[in-house]
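Please go through the points with the model open beside you.

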Amino acid sequence: MPISTIFRPFRHSDAERSDRTAGDRLRHRQKIRESIRENIADIIAEESIIGKSRDRVIKVPIRGIREYRFVYGDNTPGVGQGDGGSQPGQVVGKAKGEGQAEGADKAGDRAGVDYYETDVTLEELIDIMFEDLDLPDLERKALRQIEALRMTKRRGYRTVGIRVRLDKHRTVKSRVKRKLAAQRREARGAADARSDESVDPVAAALQELDEQRLDNDGGAQRGDAIEKRFPFHVDDLVYRHITTDVRRESNAVVMCIMDTSGSMDTMKKYLARSFFFLLYQFIATKYRSVEIVFISHHTEAHEVTEEEFFHKGESGGTFISSGYQKALEIIAERYHPSLWNIYAFHCSDGDNFDSDNSTALKAASELANVCNLFGYGEIKPLGSRYYESSMLNIFRRLDADNFQTVLIERKEDIWPSFKAFLAKERVQD
Amino acid sequence: MANWDLSDLEYWDAKIREQAEALGLDCYPQEFEVCNHTDMLAYMAYSGIPSHYPHWSYGKSFEKLKTLYEYGVSGLPYEMVINSNPALAYLMRDNSLCLQILTIAHVYGHNDFFKNNFTFKTTRAEFTLGTFRAHAERVRGYTEDPSIGVDRVESILDAAHALSLQRRRNLAIRKLTPEEERERMLQAAEPAPDPFQRLHRRSEYVQPDLQKLPLNPEEDLLLFIGDHNPYLANWERDLLTIVDDEARYFIPQIETKIMNEGWASWVHREILNAIELPQELHLEFLVRHNQVVRPAPGGLNPYHVGLRLWTDLKRRFDEPTAEEVEEYGAPNMTGMQKLLDARATDRDISFLRRYLGETLMRDLDLFEYEPKGEDLVISKVSDKQGWRDVKEQLLRNVGMAGVPVIRIPPPSPRPSTKLAYGIAPVNYDRMRSKGKAWTAPLRRKTLQRLRRGVARRGSGGLSAPDVRKRVRVRTTGAERPPDPLRAAPRRRCDLSVLAAKRRGPRLSLLSAYGRS
């Protein structure tokens, strides 16, 4: 039997119009994003993101969006093809991941076997992380300065705009109007042609039009009088017009106070800096003009630059009060509590010089009085809790609603403690 | 830009068809569609189907293909053809004229194979496109239904995709209807006529239990779950059917990969050699052809192995060697007749078993490898002693043989137990541990996942408070072949895995049941 064949040429219009994978790709990305959000604590613990530039690409393991199937294990033999002269005992490749699981902790050369990874820029990651966090209890203060952009103001309608703002209702209405006008014009044209007849031509034509319309209504059953197509025209399109509305919110300042004494070893400093780095990124991402003050202290406190704060190491004893005093000084000098929302965060290992404890407590309660939120993170890498003194016990005496303490023992604790400070709906006790 | 237009294609196509008919090919009507590379990527993501139901995994595979393509890691296939009547094939706009000619010839090979090979007889090619479109519409409908929504549809699809290949493979064997099954059970229970009745004690008639579900071990997991889980909503059952339908459509292609690609390659080679291409096209053809059918050292290129097999088979009937005549007798048909015969009646396993001989295996330099420590090491080569073992191993890996068989055995009798089968996505990665029993946390995590999968079916009622659910996971392997003498644990229904022949495969079984 002869074969019959048809060739269909390439049609540009088809190719441009249809992006059939768009929906599924979007859904896939959403799943990746969800998965990242679920694993942020691990990612932050695994990746050293401190001080990295925002467009750095980091690899993020994705869990939970793999497709699963029953398969035989990798330990089953297979059949391959050689290039001639294969001999028993010859090595032809690497076993996949599994072979190395036994005992050895070595990283496999095939990272993709157990993990499915995706590249995310730090910026994206930070966006996902901070999606539902906010500086808590931001109050309205005089002399507002923070700009908060809101895109909500609706300002009438326009004939140009982007697709998502198309006002379908109005568009349809204007098409209907134009259609009626066109029909009327047609009718009038027909009437002019018959103007010699004695009956009122316009009325007759209109009547005819009405009949025609009735015909069309009934045409659905008969199927012969199909209405002539009357497509949308560019002029019909109506778009909602939206203007940006700049609103000012209250002033805010964030005080980062970090212990840099000798007892803060590398691990502790790393944890503290990770915490502050997150805080810094958070503020830089979410707020346009929040001021940040960096204070590092040992027995004395200094206001330092961001660079110094994150990278400089110091040593010496610990007077926690000195850091608080410095913060209070700065607040008195530059940020009057009636004009500013003040947030203070302090990270220390809590290994304070004993005689300083009462002073520190006093300073802390003063600080809590002027701040919207005062957070104290105590950094005790696992084990060290048992032989080092802790400020947590002392701060327990401090009775202020806006004072919070957390204990950071491991890298994994950074993100939860960070969230505990900033979660939108804080539990009010 | 391409150096051809449609009239060129039509000119060469006429010549190709002439040759195809001369070879004796019997094709469906053929449609070629010219598309660009984005379309091609999209067709690849959806296995060539023009209208396919949405699922995030296709988005994922598109992204992956696109990335690989854009970084130049992998190229695009020259051709893509789907098993439908009329057969639908895509030609990529940017390919050269020679490639298009090669592709067209190749497509007729596939087309002929789809139409004639017995494994494809059940795919109902004339309904392919319509069926897929109907599936797509139904899935979209469920997604848009405000009482269902995309999340719940996805959760069922995710789970169903994981089990989709767990179904009967040999579609040429008709599945018994439940009535026929019962009939057979009754027949089998009748005592066999005994010519020595006086000597033997009279065998007792045991009433077979026809209430068991399933009566016989069941391989169609999705259909079974869809039919017998009373807690599934209708739309959930429908999704299971849709996924099963698709698997049924694609299984013949999995089962005949080597034959099909080999056949198409053989056909395009014969045709292009016969149509007298101008020299520059012919040289390009030689280059492209060899790129496609070259061997892949360490792996197995189905185009290469298939082409060699078909070529060798033809030679054996046209110009047999003296030894072959001695061993098999003089050929009773021409090579071409034999080829047409084999392409209709074989699938990969039978084809390789029948026509892959020692000489050809040695020519192909096939070997068997095993993982040893971190390396894959050759354990046997195709020499006098080893070739049979290598061949056996190859047969164990081709087609659907690479997919574990999972069956639901009939439950041990316990009339008060109601069974409900749920489905759950299985995190197989976590299950694969080193041949030993899993460590406790691994087991816990896997079970959590399974339970979650079952519990998610809450919509269908599985999480109703009066239903107690239990998910049971067990692995078996050759080290511990399933013991036929030991009774199955009571009040449980397992999906057992038939894998005793393989060396140490790690398999997981699952069953979920609720009792009210």
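1. D167(A) sits in the loop between β6 (146-158) and α6 of chain A. This is a predicted model, and the values in these notes are computed from it. D167(A) counts as buried because its relative accessible area is 10%, and the cut-off for buried is under 20%. A polar atom of the D167(A) side chain lies 3.2 Å from the backbone nitrogen of H169(A).

2. Helix α6 of chain A covers residues 168-193, and L180(A) lies in this helix. L180(A) is partly exposed, with 42% relative accessibility. Together with V172(A), V176(A) and F232(A), L180(A) makes a nonpolar surface patch of about 330 Å².

3. Salt bridges are the next topic. Side chains of opposite charge can pair when their charged atoms come close. The count over all chains comes to 34 salt bridges.

4. In chain B, R288(B) and E284(B) form a salt bridge through their side chains, with an N to O distance of 3.5 Å. Both residues belong to helix α11 (residues 279-293) of chain B, where they are four residues apart, about one turn of the helix. R288(B) is partly exposed at 24% relative accessibility, and E284(B) is also partly exposed at 24%.

5. Another salt bridge in chain B joins E358(B) and R362(B), whose closest N and O atoms are 2.3 Å apart. Why are these two residues separated by about one helical turn? They are four residues apart in helix α16 (residues 358-364) of chain B. Are the two partners buried or exposed, or in between? E358(B) is buried, with a relative accessible area of 19%, whereas R362(B) is partly exposed, with 42%. The value for E358(B) should be read against the cut-off, because buried means under 20%.

6. D389(B) and K380(B) also meet in a salt bridge, at 3.8 Å from N to O. A salt bridge is counted within 4 Å. D389(B) is partly exposed at 36% relative accessibility, and K380(B) is partly exposed at 32%.

7. Helix α3 of chain B spans residues 56-70, which is 15 residues. From its first C-alpha to its last, α3(B) reaches 21 Å, close to the 21 Å expected at 1.5 Å a residue. Which residues of α3(B) are buried? They are W56(B), S57(B), Y58(B), G59(B), K60(B) and F62(B). After α3(B) comes G72(B), which has a positive phi, near 75°.

8. Helix α12 of chain B, residues 302-318, has 17 residues. The distance from its first C-alpha to its last is 24 Å, close to the 24 Å expected at 1.5 Å a residue. At the start of α12(B), a side-chain oxygen of N301(B) comes to within 3.0 Å of the backbone nitrogen of Y303(B). The buried residues of α12(B) include P302(B), H304(B), W310(B), D312(B), R316(B) and F317(B).

9. The last point concerns E255(B), which is placed in helix α9 (residues 234-255) of chain B. E255(B) is buried, with a relative accessible area of 5%. How many residues separate E255(B) and A401(B) in sequence? The two are 146 residues apart in sequence, and their C-alpha atoms are 8.6 Å apart in space.

Technical notes. Residues are numbered from 1 along each chain as its sequence is written. Chains are lettered from A and ligands numbered from 1 in the order in which they are written. This is a predicted model: local features need pLDDT of at least 70, side-chain atom pairs count only at pLDDT 80 or more; totals for chains, interfaces and linings use all residues. Side-chain values use heavy atoms; hydrogens and water are left out. The expected span of a helix is 1.5 Å times one less than its number of residues. Buried means under 20% relative accessible area, exposed over 50%, partly exposed in between (1.4 Å probe, protein chains only). A polar contact is a pair of N or O atoms within 3.5 Å; within protein, one must be able to donate a hydrogen and the other to accept it, and residues adjacent in sequence count only if both atoms are side-chain atoms. Patches are made of residues with over 30% relative accessible area and no salt bridge: like charges are joined within 9 Å, nonpolar side chains (Val, Leu, Ile, Met, Phe, Trp, Tyr) within 5 Å. Accessible areas come from the Shrake-Rupley method with a 1.4 Å probe; for residues, only the protein chains shown count as cover.
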